[in-house]
Amino acid sequence: MDPERQREIARKGGKSVPPERRSFSQNTDLAAKAGQKGGRNVDPAKRSFSQDRELASAAGAKGGAASHKPGVVKSV
């Protein structure tokens with residue numbers, strides 16, 4: 001699929017629910033518990049970031065760079 005088309009579809013999904021209805025943005029404890037639960041359901045041998053420190057570091061740097069680009073508005 002064309003990357004621009006993918007972004008267009010993803011934007012629609014993000015806009016379909018108003019911010020006040022997004023449970024994880026309203027309840028950080030709920031979000032934390034969901035993340036922990038999801039992490040426990042993955043076999044430790046298949047947790048790529050825990051197995052490959054360089055991969056985790058690269059992903060973190062990429063995410064950090066993307067969130068600090070000029071003109072990018074991050075919704076909370």
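This report walks through the helices, the surface and the salt bridges of the protein chain shown above.

**How to read the model**

The structure is a predicted model, in which local features need pLDDT of at least 70 and side-chain atom pairs count only at pLDDT 80 or more, while totals for chains, interfaces and linings use all residues. Residues are numbered from 1 along each chain as its sequence is written, and side-chain values use heavy atoms, with hydrogens and water left out.

**The overall picture**

Let's start with the fold. The protein chain contains five helices and zero strands; helices (H or I, at least four residues) and strands (E, at least two) are DSSP runs, numbered from the N terminus. Following the sequence, the pattern reads α-α-α-α-α.

Next comes the surface. The protein chain has 76 residues, and buried residues account for 0% of them. Here, buried means under 20% relative accessible area, exposed means over 50%, and partly exposed lies in between (1.4 Å probe, protein chains only).

A search of the whole structure turns up four salt bridges. A salt bridge is a side-chain nitrogen of Lys or Arg within 4 Å of a carboxyl oxygen of Asp or Glu.

| Salt bridge | N to O distance |
|---|---|
| Arg 7 and Glu 4 | 3.0 Å |
| Arg 11 and Glu 4 | 3.4 Å |
| Glu 8 and Lys 12 | 3.9 Å |

Where do Arg 7 and Glu 4 lie? Both belong to helix H1 (residues 3-15), three residues apart, which is about one turn of the helix. Glu 8 and Lys 12 are both in helix H1 too, four residues apart, again about one turn of the helix.

Which residues does Glu 4 join in a network of salt bridges? Glu 4 is linked with Arg 7 and Arg 11.

How open are these side chains to their surroundings? Glu 4 has a relative accessible area of 37%, so Glu 4 is partly exposed. Arg 7 is partly exposed because its relative accessibility is 43%, and Arg 11, at 41%, is partly exposed. In the other pair, Glu 8 is partly exposed at 31% relative accessibility, whereas Lys 12, at 54%, counts as exposed.
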